[in-house]
Amino acid sequence: MKAPKPLVEIVSTGRWLPERVLTNAELERMVDTSDAWITERTGIKERRIAPPEIGAAEMGAQAAKIAMCRAGIHAGEIDVIVVATATPDRLLPATACDLQALLGATNAAAFDVSAACTGFIYALTVAEGLLAAGRGEIALVISTEKMSGIVDWTDRATCVLFGDGAGAAVVRKSTNNRGILSSFIRSDGTLAELLWRPAGGVKVPVDYAVLDEKAHLIKMAGREVFKAAVRSMAEAADQALLRAGLTGEDIDLLIPHQANMRIIEATARYANIPMEKVYVNVERYGNMSSATIAVALDEAIEEGRLKPGSKVLMVAFGAGFTWGSLVLRW
Ligand code: UT7
């Protein structure tokens with residue numbers, strides 16, 4: 001199959017990570033856990049925690065400013081801002097609108113995409129569609145997650161897993177055959193209750209009972225989610241490769257969602273991509289939901305892991321369930 005011609009490319013990226021590092025040793029003093037358990041089951045050694053006064057919009061704006069500076073664009077040139085977040089600053093209006101105000105991007109349409117850990121793939125796919133359809137020239141795609149704000153810090157099954165961070169990408173119509181070769185997005189709402197925040201919306205508003213039960217915080221059936229993640233990320237890898245007319249052997253760098261080292265290894269094994277071609281930072285940041293791939297992409301570029309023409313496969317899975325993938329020619 002002939003490789004598709006990319007319509008839209010990522011011009012530049014940026015990231016913002018809080019300075020505060022929360023180690024496994026500190027978590028040992030907070031809940032009944034151990035560095036050995038966390039390391040063996042997840043690969044995570046530490047994660048970052050944003051200060052109370054910093055929200056998702058501010059985190060995302062920091063990452064966006066770096067990406068914009070690297071692209072050499074100013075705020076007024078941005079046509080679309082797509083923010084992927086599972087941790088909006090508030091339910092109304094969208095975090096993207098707060099972020100737009102922080103950037104002064106007065107000519108942009110701004111909205112949020114709610115696809116949990118698959119959010120960066122979803123947001124890139126939405127931006128690609130809008131630009132390809134001629135609805136603008138430049139889009140800003142941002143994943144920003146303050147997971148520390150929705151974690152139950154007394155629940156050892158979840159609080160050891162998550163961290164805060166943001167990543168951003170400036171996206172525009174492709175000019176030179178680099179860019180998005182394929183993408184795949186999918187969801188299954190019948191499994192929502194395996195990974196969710198049961199309360200806090202209009203159906204179950206926050207009241208004293210909700211607060212007592214901590215039903216406004218994240219709940220996860222870890223083992224079931226693990227199995228679904230391995231299965232769905234394999235399907236996603238297959239689909240993006242198929243649509244790009246490639247196989248795992250053609251891929252120069254796999255950037256998987258960073259939730260668990262065992263899921264990352266299973267995805268790489270399935271896609272036939274050796275671990276030296278897989279970007280891993282889960283040990284440093286834990287699961288930053290949609291921001292994991294955005295931050296990893298920015299780090300990979302900075303470390304010189306992408307050369308002109310490199311083919312990158314991104315694969316994610318998250319609450320919803322949602323899953324998806326994307327192949328990029330750098
Ligand atoms: O990003 C969105 C997608 N999310 C994911 O992909 C996460 C997917 N799930 C996972 O990564 C894994 O399922 C976990 C890391 C969450 C858990 O690992 P597991 O190997 O599936 O463990 P488990 O949930 O089956 O629990 C095994 C044992 C249990 O004890 P018993 O019942 O065997 O006595 C848990 O109570 O480990 C216990 N446990 C812990 N022990 C020490 C659970 N959490 C902890 C903990 N420290 N933090």
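Tutor: Side chains of opposite charge can pair when their charged atoms come close. Here R284 forms a salt bridge with E283, with 3.8 Å between the closest N and O atoms; the term denotes a side-chain nitrogen of Lys or Arg within 4 Å of a carboxyl oxygen of Asp or Glu. Salt bridges with shared partners join R15, R70, E283, R284, D298, E299 and E302 into one network.

Student: On what basis are such features reported?

Tutor: The model is predicted: local features need pLDDT of at least 70, side-chain atom pairs count only at pLDDT 80 or more, and totals for chains, interfaces and linings use all residues. Residues are numbered from 1 along each chain as its sequence is written, and side-chain values use heavy atoms, leaving out hydrogens and water.

Student: How many salt bridges does the structure hold?

Tutor: The structure holds 15. One of them joins the side chains of E9 and R172 (3.4 Å, N to O). E9 lies in strand β1 and R172 in strand β7, so this pair ties together parts 163 residues apart in sequence; strands are DSSP runs of E with at least two residues, helices runs of H or I with at least four, numbered from the N terminus.

Student: Is E9 buried or exposed?

Tutor: E9 counts as buried, at 1% relative accessibility, where buried means under 20% relative accessible area, exposed over 50%, and partly exposed in between (1.4 Å probe, protein chains only). R172 is partly exposed at 32%. E9 also meets R178 in a salt bridge (2.5 Å, N to O).
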